[in-house]
Amino acid sequence: MPENSLSQKVHQLINQQIESWPLATSNYAGLASVASRTIEFDGFKVKVQFNPERIRSSAAKTDAKSIQQRACFLCQKNQQDVQKGVDFQDDYTLLINPFPIFKKHLTVPLNRHLPQEIEPYFNDLLQLSRELPEFTFFYNGPKCGASAPDHFHFQAGNADEMPIDTELDSIVAQLGEPILKNEHTRLVAVGKAYLRKLLYLESDSSTQIAYYFQQILERLKQRGQEGEPMLNVLARFTQQKWRIVIFPRDRQRPSQFFAEGQEQILMSPASVEMGGLAILPRKEDFEKLTAKDLISIYEQVTINDTDFERLKDQLKELAPYSH
């Protein structure tokens, strides 16, 4: 790790904040005793984590009225003095997340209060992931798990914690449908056999991967969803190439979230859940969640079969990259 690199500064920040910020000290220490279990499927798994501190995110009210009535916790003026950060290109501040899922959990807000919308900032995601290859970065759309949809931000967790990090190659090989391939880039679609449908973009060219991401986004816009197309994005730079996973979505939360009594399961899928790490803030949900429940939840929130087939057909007709 080069001295004064972004990576070194981030790891120093994590250590410093866990030592000096009582909230972070308590919650990161608590990760050691967080209960977890694994639900196995054919060729992949979903890890289930009981993490009561995440109730703030899982049950967050993200409607316009609720957002307007609270101070933005990602704006620097509203943060506690004890919370410190690391600058990135004068545009972002890397912070530790005080309510962690991962042993190293970052939140990366834009230094301006602008809404959650990935299109203008995708190249920043590429740069961040390249400079911090030990992390998997993720983006939650404003209706796909972002608890602060009014303030643009990424998050990141130490790589290989989400099952998809270690499963991706085998899933793409076994369940993937090739969409396009050239000297630098390939695009593969994975369907409902993985429970949540996804598009996998891999490239050693930042310009090409940004181009193809834009093409995907343009076609997702044609679905007619209000605002930004519903999606989650994972990004990692490893072996000198970017690995981008895009999860197109149909719903923010499944019917189980709104059910009553024993039928309720307080699971609000965001990027981490789409990556195979299901966070449950209530013990009763953690104990009762079954494979059947997960199949139902993922089926409701992922893109429907008809639209996914149409999307694949559209992407197969893309003209070759020629910039």
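Phe 122 has 4% relative accessibility, so it counts as buried. Buried means under 20% relative accessible area, exposed over 50% and partly exposed in between, with a 1.4 Å probe and protein chains only. Phe 213, at 2% relative accessibility, counts as buried too.

This is a predicted model, in which local features need pLDDT of at least 70, side-chain atom pairs count only at pLDDT 80 or more, and totals for chains, interfaces and linings use all residues. Residues are numbered from 1 along each chain as its sequence is written, and side-chain values use heavy atoms, with hydrogens and water left out.

**Aromatic pairs**

The structure holds 16 aromatic pairs. In one of them, the ring centres of Phe 122 and Phe 213 are 4.0 Å apart and the planes stand at 5 degrees, so this pair is stacked. Rings of Phe, Tyr and Trp (its six-membered ring) pair if their centres lie within 6.5 Å; planes under 30 degrees apart count as stacked, over 60 as edge-to-face and the rest as tilted. Phe 122 belongs to helix H5 (residues 122-131) and Phe 213 to helix H7 (residues 206-221), so the pair ties together parts 91 residues apart in sequence. Helices (H or I, at least four residues) and strands (E, at least two) are DSSP runs, numbered from the N terminus.

Ring pairs also build a cluster from Phe 88, Tyr 92, Tyr 121, Tyr 139, Phe 152 and Phe 154.

The charged end of Arg 37 is over the ring of Phe 286, 5.4 Å from its centre. Arg 196 places its charged end over the ring of Tyr 194, 3.9 Å from the centre. The criterion is NZ of Lys or CZ of Arg within 6 Å of the ring centre and within 35 degrees of the ring normal.

**The sheet of 10 strands**

An open sheet of 10 strands runs in the order E3-E4-E5-E7-E6-E11-E12-E10-E9-E8, with antiparallel pairing. Strand E3 (86-88) and E8 stand at the edges with a single partner strand each, so one side of each is left without a neighbour in the sheet. The twist averages 20 degrees from one strand to the next. Two strands pair if DSSP finds at least two bridges between them.

| Strand pair | Bridges |
|---|---|
| E3 and E4 (residues 92-96) | three bridges |
| E8 (residues 176-181) and E9 | five bridges |
| E9 and E10 (residues 198-203) | six bridges |
| E1 and E2 (residues 45-50) | six bridges |

How many residues of strand E9 (residues 185-190) are buried? Five of the six are, so E9 is largely enclosed by the rest of the structure. A hairpin of three residues joins E8 to E9. Gly 176 stands opposite Val 190 in E9. On the E10 side, Leu 187 stands opposite Leu 201.

Helix H6 (residues 163-175) lies across strand E6 (135-140), E8, E9, E10, strand E11 (231-238) and strand E12 (241-248). H6 runs at about 85 degrees to E9. Axes are lines fitted to C-alpha atoms, for helices over the stretch in contact, and angles run from 0 to 180 degrees between N-to-C directions.

**The sheet of three strands**

A second open sheet has three strands in the order E1-E2-E13, with mixed pairing. Strand E1 (35-40) and strand E13 (277-280) are at the edges, each with a single partner strand, so one side of each has no neighbour in the sheet. Neighbouring strands of this sheet are turned by 20 degrees against each other on average, direction ignored. Ile 39 stands opposite Val 46 in E2.

**Helix H2**

Which residues of helix H2 (residues 22-30) are buried? They are Ala 24, Asn 27 and Tyr 28. Seen down the axis of H2, they fall within an arc of 95 degrees, so they line one face of the helix. The arc is that of the directions from the helix axis to the C-beta atoms. The face turned away from the buried side carries the exposed residues Pro 22 and Ala 29. The cover over the buried residues includes helix H1 (6-20), E4 and strand E5 (105-109).

**Gly 141**

Gly 141 is found in the loop between E6 and strand E7 (153-158). Its relative accessibility is 1%, so Gly 141 counts as buried. Leaving aside neighbours within four places in sequence, Gly 141 is in contact (heavy atoms within 4.5 Å) with Gln 116, Ala 146, Glu 228, Leu 231 and Asn 232.
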